[in-house]
Amino acid sequence: MMEILNHILTPEFGYSVIRVSTPIVFGTMGAMISSRAGVFNIAIEGIMLLSALLGVLFSAVMPVWIALFLTLVVAGFVGFLLGFLSIKLKSDIFLTGIAFNMIAVGGTIFLLYLASGQKGVSTSINSKVLPRVEIPLLDKIPWIGEPLAGILSNHNILTYLSIVAVIVLYYLVYKTALGLRIRSVGENPDAAESVGINVRKTQYIALIISGVLCGFGGAFMSMGYLSWFSNNMVAGRGFIAMAANGMGGATPVGGFLVALFFGFADAMTNSLQLVTSIKIPVQLIQMLPYLATVIGLVLYNINKRRKAMRIKLMLEDKNK
Amino acid sequence: MNKNAKFEILRTSMAIFIAIGISLVLIILVSDAPLVALRDLFFGPLTSLRRFGNVIELTIPLIITGLAVSLIFSSGQINLSTEGAFFFGGIVAMMVALAIPMPSYIHFFAAMILAGITGAIVVTIPAYLKEKTGSSEIVSSLMLNYILFFLGSYILYYYFKDPEAGINASYLFPDTFRLSVLVPGTKIHTGLFLSLISVFLGYIFLFKTSTGYKIRMVGANKMFSKYTGMKVFKITLLSQIVGGFIAGVGGAIQLAGMYKRFNWVALPGYGWDGIIVSTLAKGNPLYVPFAAFFIAYIRTGAAIMSRGESGVPPELKAITQGVIIILIVAQQFLAKYKNKMIYKESKLEIEKAGGDQ
C-alpha cells in the first residue's frame, strides 16, 4: 500500500494525470456541445483517430501549425458530414456514427499504408510534434513552487488549450446567444423553432464545433502524447469521453472534472503496473478505468433520478 | 410484393452498388495492377474450394452475431455488448472445454449452453442499467466490452494458458469439445447448421409469436406500447436475453468449429460485424444469412486481393462496409425517387379509376 502511495504522491504522477486527461477533456467537450444541441456525436472516437493520423501525415510535409489547422478543418468537416447525414438525410445518428468509427479504424490503416507502406505505426514518417510550454516563475513560489511546477509546467501546448477550451465552452454555452440557441434546440427543438431559431443550422454548428474539439484531442494523441500514429491508438478514449459527458451532466466544468477523474484512473493503471510489492494481475488493472466509468455513470444517474424524484414529491406536496 | 418492399430492395442494392463503386475508384487510384486487384476481389473467393470454404467459415459467426444484433436492436436498444458477449461466451466455453471432461456431443452442448447463458447475462446488464438508473446503454455496453475483454484475458493468462504453446493461448481443446468438419478440404463445420437453425428460430420468435410482435412494437414506439399496457421493461429485457444468448453461443460455436486452442488476444470484432450484417438485413433474421454471406464474400475477396501483387490493403473493406451502412440508414437517400414512384402510381390509379366511371 505504501508503495502505491509513494507512486501517487509525486509531482510526476500529477503531471501524468493531466497529460493523459487531455484527449479525454477534448473529447468530453466535443460530446458536451453536441449533446447540448440534441445531436449525439457517437463518432468522437473515429474523428479523434482520423485526426491523429492526419496530424502525422500533414506535419510531415508542412509546418506543424498549418498541419494542426488542416487537421482541425477536416475534423470539423467530418462533424458537418455527420450532421448532413443525420439532419438532412434523416439517418439514425447512432448507426451513422458507428459506421464512421468503423471507417476510421480501417480507413486510417488504409491511408497510413498508402502514405508510408507501413501498417502498424507511422515511425517511418518524419512527423512533427507540437511544442511544450513552460510556465514561467511557477517554480519560484516558495514551498509549493517546485512540486506545482512539476505538475503544471512543461505540458504540451494542447494540454493548456484543453483547459482554455473548457473555459471558452463555458462562456459559449452560458453567456452567448449561440449558446442559448444550442441549449434551447437541445431542450426542445419544436419550441426553439417556434421562436424563430434555425434548428438545423444550430445543430450543424454544434456538430462542427464538436468535430473540431475531437480534432484537437486526436492531434494531441499523435503530436503530443506520442510522436507517431499507431493503429487504433485512441483506444476507447472517445467512448470514455461520452461517458464523462454523461456523468458531468453535459456541463463544461462537470465534464472536465469527470474527465480528470478518468485521467486519474488511467494514470493509476500505468503506476500500479510499476508497483512490485503487490502482485495485481495486469489485466485487472487495465480493467479499472472502464469499470470506474460504468460505476461512475450508474452512480451519477441514480443520484440524478433521486433528485428528480425529490423535486416531484415536493411539487406534489405543494399542490396538496 | 408491395411497392415499399420493392423500393427497399432497390435502395439496398443501390447502397451496395455505390459502396462497391467507391471501392473500385480507390483500388484504381491505389493499385499498380488494378485489374488483378479487381479480379481477386470479385472472383478470388471462387477460384478454389479452400477459398470458398473461407467465405462460408466466415459466414457462420457473422450469421450468429447478425442475428443476435437484430434481436437486441429489435426492441429499440442500441446495446453494443454483442462483442463482449461473443468474446466472453468463448471464454466460458473454453473453461468448460478444458476444466470439465465430458463425453462427446454432451461436452460441446454443455459448453454452448453455459456460454449462451453468460452472453444473455452480459447483454442484459446495459438494458437493465438503462431502465433502473437511466444510464445510456451505448456507453455502458461499450465499457462492458472492455471490462469483459480484460477479465477474459485475465482468466486465460492466469488459469488456462499453455506455457508450451509458444504464444498466448490456452491448452489444446479435447476432441469431445470440437465440432466436426462438414466439407473435407475446408474448415466448414457443423456450426453452419446450428447458425441456420438459430436464424429460423429467431425469425419464428420475432415475427410469428406474440412475444416477438410485442418486442417489435416496443422497438417501433415505446410510449405507445406503454400506453397499451405492455410490460415494456420485461419485453425489452426478453429481447436482450435472447439476443445475448445467441451471441454467447456464437462464441462457443466459433471456438469449437475453428480453433484448436483459445487464442484471441484482442476482441475478435464479430459483434461489430453483427451490426453491419443486421443493418444490411434490415433487422430481419431471414435476410441475415444473405447479408452475412455478402459481407464474408467481400472480406475474403479483400484478403485475397491484399495477398496478391496488387498492393491494396484489406482495410479497404472497412470503407466499403461503412459506406453501405451510411447509405442504408440514410432514410432520405433516393427518397425523391420514391416520391416520384408513388406519385406516378397514384396518378395511374386515378386515371384508371376515372376510366372506369
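This is a predicted model: local features need pLDDT of at least 70, side-chain atom pairs count only at pLDDT 80 or more; totals for chains, interfaces and linings use all residues.
From the N terminus on, the elements of chain B run α-α-α-α-α-α-α-α-α-α-α-α-α-α, which amounts to 14 helices and 0 strands.

Along its principal axes, the C-alpha trace of chain B spans about 85 × 60 × 35 Å. Of the 357 residues in chain B, 52% are buried. The contacts within chain B can also be sorted by separation in sequence: among those between residues at least 6 apart, 78% join residues that are at least 24 apart.

Turning to the partner chain, 39 residues of chain B are in contact with 42 residues of chain A. On the side of chain B that touches chain A, at least two residues each are supplied by helix H5 (106–133), helix H6 (137–160), helix H11 (270–280) and helix H13 (316–329) of chain B. Which helix provides the largest share of this side? That share, 14 residues, comes from H6(B). When the residues on the side of chain B that touches chain A are sorted by class, 26 are nonpolar, 11 are polar and 2 are charged.

Key: Residues are numbered from 1 along each chain as its sequence is written. Chains are lettered from A and ligands numbered from 1 in the order in which they are written. Two residues are in contact if their C-beta atoms, placed from the backbone, lie within 7 Å. Helices (H or I, at least four residues) and strands (E, at least two) are DSSP runs, numbered from the N terminus. Ala, Val, Leu, Ile, Met, Phe, Trp, Tyr, Cys and Pro count as nonpolar, Asp, Glu, Lys and Arg as charged, and the others, Gly among them, as polar. A residue is buried if 20 or more other C-beta atoms lie within 10 Å of its own, exposed if 12 or fewer, and partly exposed in between; C-beta atoms are placed from the backbone.
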